[in-house]
Amino acid sequence: MEHLVLTVIARDKPGLVEQLAQCIAGHGGNWLESRMARMAGQFAGILRVAVPEAAHGDLSAALHELESQGIRVLLAPSGEEPASAWRSIQLELVGNDRPGIVRDITRLLAEHGVNLESLDTEVAPAPMSSEMLFHAQAQLAVPTELSLELLQQRLETLADDLMVELILRPDD
């Protein structure tokens, strides 16, 4: 079996995921994992499937045919997992929203060799005021040689500028 990573985007409508699942199953594929969401009237997802090597070409063609129905699919072979030793860490933060906030946080993480494995963000009004707050939850892969205390300190250097609350905790 060959593993493929698919990214999908389409105007949101009922039955969209079923169409995709039907196409994959119809070519002997097995849906292994996915992350999907509706945002601003669009549906977007990323998924990993296993497909028999002999069916790869037919599945690829069938997925591209979905474009006639407004479903765009991009395929890529799955990659190698990094050989480095990592710790899985959860990051939660809340701060005053401003342009560049994601850039600043991700730049700091990249400078320390931290891999961003997942990121969920939203901007919402503060409970007692109309001030807009940026909320983020991230799953990080932190190199084992990087001290969490140092990472926390570095993230806190941004705190005066943007963060109200910052939590870093190891996954158990």
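## Confidence

The structure is a predicted model. Its chain has an average pLDDT of 91, and 94% of the residues reach a score of at least 70.

Strand β3 (residues 42-51) has the highest mean, 97. Helix α5 (residues 159-162) has the lowest, with a mean of 63.

## Two domains

The chain is divided into two parts: domain 1 covers residues 2-77, and domain 2 covers residues 86-170. Taken over C-alpha atoms, the centres of domain 1 and domain 2 are 31 Å apart.

Two pairs of residues give further distances across the chain. V17 and L168 are 151 residues apart along the chain, and their C-alpha atoms are separated by 34 Å. R169 and A37 are 132 residues apart in sequence, with 25 Å between their C-alpha atoms.

V17 belongs to helix α1 and is partly exposed, with a relative accessible area of 33%. R169 belongs to strand β8 (residues 163-170). At 33% relative accessibility, R169 also counts as partly exposed.

## The largest pocket

Rolling a probe the size of a water molecule over the atoms shows where empty space is left. The largest pocket in this model holds about 1000 Å³ of space. It is lined by 26 residues, of which R35, I46, E117, S118 and L119 are the closest to its centre.

The largest share comes from β3, which gives seven residues. By class, the lining of the largest pocket has 12 nonpolar, eight polar and six charged residues.

## The cavity

The model has one cavity of 30 Å³ or more. The space in this largest cavity is about 70 Å³. Its lining is made up of L91, L93, V102, I105, T106, L109, L116, L119, F134, A136 and A138. The elements that give two or more residues to this lining are β5 (86-96), α3 (101-111), β6 (115-125) and β7 (132-143).

Which element gives the largest share of the cavity lining? That element is α3, with four residues. By class, 10 residues of the cavity lining are nonpolar, one is polar and none is charged. L119 is listed in the cavity lining, and L119 is also among the residues closest to the centre of the largest pocket.

## Buried and exposed sides of helices

An α-helix has 3.6 residues a turn, so residues three or four places apart point the same way. Three helices of this model can be looked at with that in mind.

In helix α1 (residues 16-26), the buried residues are L16, Q19, L20, C23 and I24. Seen down the axis of α1, these buried residues fall within an arc of 130°, so they line one face of the helix. The face of α1 turned away from this buried side carries the exposed residues Q22, A25 and G26.

In helix α2 (residues 56-65), L59, S60, A62 and L63 are buried. They fall within an arc of 165° around the axis of α2, so they too line one face of the helix. Exposed residues D58 and E65 are on the face of α2 turned away from its buried side.

Helix α4 (residues 148-157) has L148, L151, Q152 and L155 as its buried residues. Their arc around the axis is only 100°, which puts them on the same side of α4. E149 and T157 are exposed on the other side of α4.

## An exposed loop residue

A40 lies in the loop between β2 and β3. Although A40 is not a glycine, it has a positive phi of about 55°.

Is A40 buried or exposed? Its relative accessibility is 80%, and a residue over 50% is called exposed, so A40 counts as exposed.

Note on methods: Residues are numbered from 1 along each chain as its sequence is written. This is a predicted model: local features need pLDDT of at least 70, side-chain atom pairs count only at pLDDT 80 or more; totals for chains, interfaces and linings use all residues. Side-chain values use heavy atoms; hydrogens and water are left out. pLDDT is the predictor's confidence in each residue, from 0 to 100. On a 1 Å grid over the protein atoms alone, a cavity is a set of points where a 1.4 Å probe fits but cannot get out, and a pocket is an open set with protein on both sides within 12 Å along at least five of seven lines; lining residues have an atom within 4 Å of a point. Grid points are joined across faces, edges and corners, and a volume is the space filled by probe spheres set on the points. Ala, Val, Leu, Ile, Met, Phe, Trp, Tyr, Cys and Pro count as nonpolar, Asp, Glu, Lys and Arg as charged, and the others, Gly among them, as polar. Domain bounds come from an automatic or database domain assignment. Buried means under 20% relative accessible area, exposed over 50%, partly exposed in between (1.4 Å probe, protein chains only). The arc is that of the directions from the helix axis to the C-beta atoms.
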